[in-house]
Amino acid sequence: YTDQRGQLTFYVSEQLESRPLPIVLFIQGTGCGSPFVQENGRVLSGLQSVLHEVIGGAARIMVVEKPGVLYLDNPAQPAHHRHCRPEFVRQYTLESWSRVLVRALEIARTFAGVDGRRTLVIGHS
C-alpha cells in the first residue's frame, strides 16, 4: 500500500485463511535500508519473512518503509547517515517514524481479512 502523496508505504502479507486474522506489525531496526532487497534479480525479504514462517499463517505480517526510504534501498552501510538518501536524513525522526507506523496500522486494520481488534507489535535492534 502506498498513499496518494507517496509519503507512506507498507506491506501486508497475503490472506491465507478465510477468517479475519490479527495483524503483526514488525518494526525493523536502525538504518535506512528497505525491509526488502534485490540480489541477483530476486527480491528478498528481511526478518519479517522469518516471523511469517514462525507464525505459520496465523496472522498477517506488516512491515513499513521508514520515512525517506524507498522500496529496495540497500545502502552499503545503512546505519551510517552518509550512506542514506538525503530524504531519509531530513525526514526520519522518532516523531515522524511513530506517526507513519500509527497511520499505517490504522489503514491496515481496515483491510479485508484483517481482524483490526487484535494487533501485535514486535521489533528488533
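**Entry 1: the disulfide**

Which residue does a disulfide join to C32? I looked it up and found C84, with an S to S distance of 2.1 Å. Before going on, I note for myself that this is a predicted model. My search of the whole structure gave 1 disulfide. This pair links distant parts of the chain, 52 residues apart. I placed C32 in the loop between β2 (21-27) and β3, and C84 in the loop between β5 (60-64) and α2 (86-91). The torsion about the S-S bond came out at -85 degrees, so I logged the link of C32 and C84 as left-handed.

Are the two cysteines buried or exposed? C32 has a relative accessible area of 3%, which is under 20%, so I call C32 buried. C84 is at 11% relative accessibility and therefore counts as buried.

**Entry 2: the sheet**

Next I traced the strand order. I found an open sheet of 4 strands in the order β1-β5-β2-β6, with mixed pairing. The edge strands are β1 (10-12) and β6, each of which pairs on one side only. From one strand to the next, the twist averages 20 degrees.

In which sense do β2 and β5 pair? They are parallel, and I noted 4 bridges between them. In this region F26 stands opposite V63 of β5. Helix α3 (residues 94-108) packs on the sheet and touches β1, β2, β5 and β6. I got an angle of about 145 degrees between the direction of α3 and that of β5.

**Entry 3: the hairpin**

I then turned to β3 (residues 36-39) and β4 (residues 42-45), which run antiparallel and are joined by 4 bridges. What is the bridge partner of V37 in β4? I found L44 there. The hairpin has 2 residues between the strands, and N40 in this hairpin takes a positive phi near 50 degrees.

**Entry 4: nonpolar cores**

Which residues touch the most other members of the largest nonpolar core? My list reads L8, F10, L25, M62 and V64, out of 15 residues in that core. β2, β5 and α3 each supply at least two residues, and α3 gives the most, with 7 residues.

I took a closer look at F10. Leaving aside neighbours within four places in sequence, F10 is in contact with Y1, M62, V63, V64, A104, I107, A108 and F111. There is also a second, separate core of 7 residues, and F26, F36, L51 and V63 are included in it.

Beyond four places in sequence, Y11 touches F36, I61, M62, V63, E65 and Y71. Which side chain makes a polar contact with the side chain of Y11? E65 does, at 2.9 Å. I also logged a spacing: Y11 and V50 are 39 residues apart in sequence and 15 Å apart in space, C-alpha to C-alpha.

**Entry 5: D115 on β6**

D115 is found in strand β6 (residues 114-123). Its relative accessible area is 9%, which is under 20%, so I wrote D115 down as buried. Where does the side chain of D115 reach at 3.0 Å? I found the backbone nitrogen of R117 at that distance. Not counting residues up to four places away, D115 touches P20, L21 and P22.

**Entry 6: positive phi and exposure**

L72, not a glycine, has a positive phi of about 75 degrees. L72 lies in the loop between β5 and α2 and is partly exposed at 23% relative accessibility. S125 is not a glycine either, and its phi is positive at about 85 degrees. I placed S125 in the segment after β6, where S125 counts as exposed at 79% relative accessibility.

Last, I checked V54 in helix α1 (residues 47-55). Why do I call V54 exposed? The relative accessible area of V54 is 67%, which is over 50%.

Methods: Residues numbered from 1 in each chain as written. Predicted model: local features only at pLDDT ≥ 70, side-chain atom pairs only at ≥ 80, totals over all residues. Heavy atoms only, no water. Buried < 20%, exposed > 50% of the residue type's maximum accessible area, 1.4 Å probe, protein only. Polar contact = N/O pair within 3.5 Å; in protein donor to acceptor, adjacent residues only side chain to side chain. Contact = heavy atoms within 4.5 Å. Pairing = 2+ DSSP bridges. Disulfide = S-S within 2.5 Å. Axes fitted to C-alpha atoms, helices over the stretch in contact; angles between N-to-C directions. Core = buried A, V, L, I, M, F, W, Y, C linked by side-chain atoms within 4.5 Å.
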